[in-house]
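Subject: Structure handover

Hello,

Here is the structure for your set-up. My notes on it follow below.

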Amino acid sequence: MNAEILKANELKKVAPVFGQLSFDNHEQVVFCNDKDTGLKAIIGIHNTNLGPALGGTRMWNYESEYEALNDVLRLSRGMSFKSAITGLNLGGGKAVIIGDAKTQKTPALMRRFGEFVHSLGGKYITAEDVGMETEDMDIVSEVTPFVAGISEEKGGAGNPSPITAYGVFMGMKAAAKYKFGTDNLEGKKVLVQGIGHVGETLVKYVSEEGAEVIIADINQERLIEVSAKYGAKIFEGDNLYDLDVDIYAPCALGATLNDQTIPQLKAKVVAGAANNQLADELIHGELLQQKGIVYAPDFLINAGGIINVYAEIVKYDRAEIIKKTENIYNTTLEILAKAELEQMTTHQATLQIAKNRILAAKK
């Protein structure tokens, strides 16, 4: 990427790392570059009070390095709180690789990335995220043991996406219980935005319970495929945010809950798999609360994936993975009750518990 002259409204880039709100006292940020493979990656290690930082690697064709940096910092920070609120002895980290996963990802690039991960000596453990597959983690495992989410054939727990979706489903049912008085989703209208690995599996769970499912995605082929498989309706309007549904499940990229979308929302519950759904944690959490929308915090209910890969580290079985993931239902109900009792947003309530656990570990 070419360097560009700063404009007056871009002065924040003078402090592109420490000056970012999303930096939030990160312990370490590592920039990885390899000319031979074309690798350009950033690893963010937010906090290791509870244990090594574990978080997936995302490969995305970012518009700028600045956008990539902001994304990895936000994601890494979120992983600290996700592990803490789920009761795992892990810190928070994340990695992003700048590039098109469909055309620029190669085995050589993944091995080189694995070597950078290995150079951190276990402080960061990687896994898969957007743009990555289980086979990519298998390649990384050829050069470092500090990787999770590898295939079952190689001794791993396999693709974490189905477990992530199951955790989101548990959180959705808990939020529905809190809002509607029942966790039975039969007859409820559910909008799933983003039908990748996690989104599709969520569509499966919700459809099987008898919900009326509407799906939205930028990939038309995927829409047709998933619609045919589960009988879901394809969204064909201009604005999905003002759709008359009971539950909105954002399962693509983050920040879909913002100044423009929240005033339009007719959904009574927001529960999805995407990370960092609130564009601004404070402002948009409060806007949802003011509208009476029950928000199931993303880093709580999408923790099934990290539960799945954590099993590879501590060596617990499938039954324990399911048990811990199903407990997301109980934790979600507890946090919704706490938020109402203490008059705070659900995001603030979840964050408070997570931060307290991290702080206690430090002491």
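In which sense do β9 and strand β10 pair, and over how many bridges? β9 and β10 (residues 269-270) pair in the parallel sense, over two bridges. Strands here are DSSP E runs of at least two residues, helices are H or I runs of at least four, and both are numbered from the N terminus. Two strands pair if DSSP finds at least two bridges between them.

Some ground rules before the rest. This is a predicted model, where local features need pLDDT of at least 70 and side-chain atom pairs count only at pLDDT 80 or more, while totals for chains, interfaces and linings use all residues. Residues are numbered from 1 along each chain as its sequence is written, and side-chain values use heavy atoms, with hydrogens and water left out.

The sheet

The sheet is open and has six strands, in the order β8-β7-β6-β9-β10-β11, with parallel pairing. β8 (233-234) and β11 (294-295) are at the edges. Each has a single partner strand, so one side of each has no neighbour in the sheet.

β9 (residues 247-250) also runs parallel to β6 (residues 189-193), joined by four bridges. L191 has Y248 of β9 as its bridge partner. On the β10 side, I247 stands opposite V269. I247 and A249 point one way from β9, Y248 and P250 the other. All of them are buried (under 20% relative accessible area, 1.4 Å probe, protein chains only).

The β9-β10 loop

A267 sits in the loop between β9 and β10. A267 is buried, at 4% relative accessible area. Leaving out residues up to four places away in sequence, A267 touches V245, D246, I247, Y248 and I293. Contact means heavy atoms within 4.5 Å. A267 and A84 are 183 residues apart in sequence and 29 Å apart in space, C-alpha to C-alpha.

The helix pair

Helix α4 (residues 161-180) packs with helix α5 (residues 197-208) at an angle of about 50°, axes 8 Å apart. Axes are lines fitted to C-alpha atoms over the stretch in contact, and angles run from 0 to 180 degrees between N-to-C directions. From α4, the contact uses S161, P162, T164, A165, Y166, V168, F169 and M172. From α5, H197, V198, T201, L202, Y205 and V206 take part. These residues divide into ten nonpolar, four polar and no charged. Nonpolar covers Ala, Val, Leu, Ile, Met, Phe, Trp, Tyr, Cys and Pro; charged covers Asp, Glu, Lys and Arg; the others, Gly among them, are polar.

Best regards

Methods. Buried < 20%, exposed > 50% of the residue type's maximum accessible area, 1.4 Å probe, protein only.
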